Amino acid sequence: ERKHLRLLEAALSVSSYTDKIDGNTSLSKPKRTQAQLREICAFLTALLVAADYSAGKELVDHHNFKEHEPFFQTILEVGRRHKVMNPEKLRGEYGKLVYLLQDSKLPEVSEVLELDVAAPIKSVYNYLSSRGAAAVLSDNLITVATREIIADGVKDRYQLNRESKDKHRAIDILADKYASRKIDSEEIKLCLYSIGDNHSYLTANRDPVEKMIAYLTRYFRPDQIEEGYDLSIAGGEGGARLSHSHEKQYLYVLQSLSLWREIAHDMFRLWCLSEEDLITADNRYALKNTGQGMQRVQKAPRVSTAMRNILHSTQQRCAQMAARGGGEVQWIGSSVVHLGDDNVPNALVFIDKYTQVASILNPIIIVLRNLPRLLKDEIVAEYIETTFGGIDQLIKDILLDFFRSAFDGSGADNFYDAGSCIDGRLTSAWNWCQHISEKPFYPVFKLSGFSSFDGEFQK
């Protein structure tokens, strides 16, 4: 699979599929179909030639694509699965792959190709159940065997080593217990490691949201306003498009972060639903200039339903938390979920937006965590003291600016596209990131090791 992945990534990196298909808007429908067939066939042929020269030569001579359908399904599925498990990878290449698969499902294209290259993504459950080993998922040891061992600074080295030994012992026990003629112990271990990868994903993408919620509840209270740290915002001031009191803004930020946490927790399921919406023959797209360039506007019924369910459960959870505190709090802002319109043209754009939440929050959390280390340098310590009044005030200044300006409805061309809708909350956060260099605490960000919110794009 690693060999297939490297081959697919190399082929996609030099492909200009979307430029040739979507970039030329003057193509008539027959010529567009012809271009899609030509580019898809060329891409598939290149994959086979690079993997097996003799088979590729035969394909070039006889155009027998159907005979090599299993190879195409396997190599493309590996790339898609790798992307789901590692959202930071294949950032440019994945879009080309999905749009190529999307076009391969069009009736006018599939009738000529006579093959289906989009196989379902493999999952641990399907892999185990097809080999009669699904019982491993119900075993009591599964929790120990798949947990992530985190050096969080609280656990000592002895405890970490003990947890690591317990984990590997549980993996070995499960692998030996459920191994059979249909599945060997190494395959079971592979499945357990894959489940562990999911826990690692949650640590990297859900935990930053939980940490930011902890910062909010630690340094601010909805019923008390510390002098100089009022969260209230007013529309028209500082680019804000919303007007909230201190208490209302506190709840708005808390509810937004809670929603992001639930989305991150359920991201793998949302991703699979997104691919189902994107790569289906009965859900055509329309090429349209949405104000963000030419986009494939396509409905996403599966993801839309899932998002509404997540939103509803988050709203109920927030209401229950308020009730336990003796209050009654309604959902702050709009509940509109943009999908399949000019704001979020299709499920691919939706997935791309919400996998960036950790990219927004992680750098801020890392800076806040590194601030006390800066005090070891006397010059930097004096700068922080004279400019911000100390390390605690600096932390609160950064959080105050983020909780106010990153959740103020700004960041879009008009009020409808930004505001307080579900998608607009993330748009405002990205807008704050774009203006980080204008903030008075930006030098401290740089001193703490901050480089950017976007990370390395090519890897």
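# A tour of the model, stop by stop

**Stop 1: a surface patch.** Select Val49, Tyr53 and Val60. Together they make a nonpolar patch on the surface, with about 290 Å² of accessible area. Keep in mind that you are looking at a predicted model.

Val49 sits in helix H3, which covers residues 29-51. How exposed is Val49? Its relative accessibility is 30%, so Val49 counts as partly exposed. The band for that label runs between 20% and 50%.

**Stop 2: a loop residue, Leu90.** Go to the loop between helix H5 (69-85) and helix H6 (93-104); Leu90 is there. Check its backbone. The phi of Leu90 is near 50°, a positive value in a residue other than glycine. Is Leu90 buried or exposed? Leu90 has a relative accessible area of 5%, so it is buried. The cut-off for buried is under 20%.

**Stop 3: another loop residue, Glu114.** Move on to the loop between helix H7 (107-113) and helix H8 (124-129), and select Glu114. Glu114 is not a glycine, yet its phi is positive, at about 60°. Glu114 has a relative accessible area of 57%, so it is exposed. Exposed means over 50%.

**Stop 4: a pair to link up.** Select Asn161 in helix H10, residues 157-178. Asn161 has a relative accessibility of 37%, so it counts as partly exposed. How far apart in space are Asn161 and Ile149? The distance is 9.3 Å, and the two residues are 12 apart in sequence.

**Stop 5: inside the protein.** The largest cavity has a volume of about 50 Å³.

Select its lining next: Tyr201, Asn205, Ala264, Met267, Tyr354, Thr355, Val357 and Ala358. Which elements give two or more residues to this lining? They are helix H11 (185-205) and helix H17 (357-374). Give each helix its own colour.

Then colour the lining by residue type. The lining of the largest cavity has 6 nonpolar residues, 2 polar ones and no charged ones.

**Last look.** Bring the surface back and return to the patch of Val49, Tyr53 and Val60. Then find Leu90 again, the buried residue in the loop between H5 and H6.

Key. Residues numbered from 1 in each chain as written. Predicted model: local features only at pLDDT ≥ 70, side-chain atom pairs only at ≥ 80, totals over all residues. Heavy atoms only, no water. 1 Å grid on protein atoms, 1.4 Å probe; cavity = no way out; pocket = protein on both sides within 12 Å on 5 of 7 lines; lining within 4 Å. Points joined across faces, edges and corners; volume = space filled by probe spheres on them. Helix = DSSP H or I, 4+ residues; strand = E, 2+ residues; numbered from the N terminus. Nonpolar A, V, L, I, M, F, W, Y, C, P; charged D, E, K, R; others polar. Patch = residues over 30% accessible without salt bridge, like charges linked within 9 Å, V, L, I, M, F, W, Y side chains within 5 Å. Areas by Shrake-Rupley, 256 points an atom, 1.4 Å probe, with all protein chains shown as cover. Salt bridge = Lys/Arg side-chain N within 4 Å of Asp/Glu carboxyl O. Buried < 20%, exposed > 50% of the residue type's maximum accessible area, 1.4 Å probe, protein only.
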